[in-house]
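Please keep the sequence and the coordinates in view while reading.

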Amino acid sequence: MKGRNKKNIELIRQFLEEKQRASTHEIYDWMNENTHWGVTLRQLTNVLCKTKSKFAKVGRVEVKTMLNNTAEITIWRNV
């Protein structure tokens, strides 16, 4: 599993270099569209949170869901 996380970290870094900032869901969608193996939301959040030397939280955005609830989404950038 370590090899896959290293590859995921490198792919996320490349994506954030192009985009500068992105939400967790934007990264999730991009990973699942552009990789053969994909990633679960839990895997992605664990990688982002546990590699603080590579990724930093920039802020949070509150969005409305389809059921009219609110959810907070974290925005990330490269360190």
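The 3 strands form an open sheet in the order 1-3-2, and the pairing is antiparallel. Strand 1 (22-23) and strand 2 are the edge strands, each of which pairs on one side only. The model is a predicted one, and this applies to every feature described here.

## Strands 2 and 3

Strand 2, made of residues 55-64, pairs in the antiparallel sense with strand 3, made of residues 70-78, over 9 bridges. Two of the residue pairs can be named: Gly59 has Ile75 in strand 3 as its bridge partner, while the bridge partner of Arg60 in strand 3 is Thr74. As a general point, side chains in a regular strand alternate between the two faces of the sheet.

Strand 2 and strand 3 also form a hairpin with 5 residues between them, and in its turn Asn68 has a positive phi of about 70 degrees.

## Helices 2 and 3

Two packed helices are described by the angle between their axes and the distance between the axes. For helix 2 (residues 24-34) and helix 3 (residues 41-50), the axes come within 10 Å and cross at roughly 120 degrees. Because an angle that falls in none of the roughly parallel, roughly antiparallel or roughly perpendicular ranges counts as oblique, helix 2 and helix 3 are oblique to each other. The crossing of helix 2 and helix 3 is right-handed.

On the side of helix 2, the contact is made by Thr24, His25, Ile27 and Tyr28, and on the side of helix 3 by Leu41, Leu44, Thr45 and Leu48. Sorted by class, this contact of helix 2 with helix 3 has 5 nonpolar and 3 polar residues, with no charged residues.

Definitions and conventions:
Residues numbered from 1 in each chain as written. Predicted model: local features only at pLDDT ≥ 70, side-chain atom pairs only at ≥ 80, totals over all residues. Heavy atoms only, no water. Pairing = 2+ DSSP bridges. Helix = DSSP H or I, 4+ residues; strand = E, 2+ residues; numbered from the N terminus. Axes fitted to C-alpha atoms, helices over the stretch in contact; angles between N-to-C directions. Parallel < 35°, antiparallel > 145°, perpendicular 65-115°, else oblique. Left-handed = near helix turned anticlockwise from the far one by under 90°. Contact = heavy atoms within 4.5 Å. Nonpolar A, V, L, I, M, F, W, Y, C, P; charged D, E, K, R; others polar.
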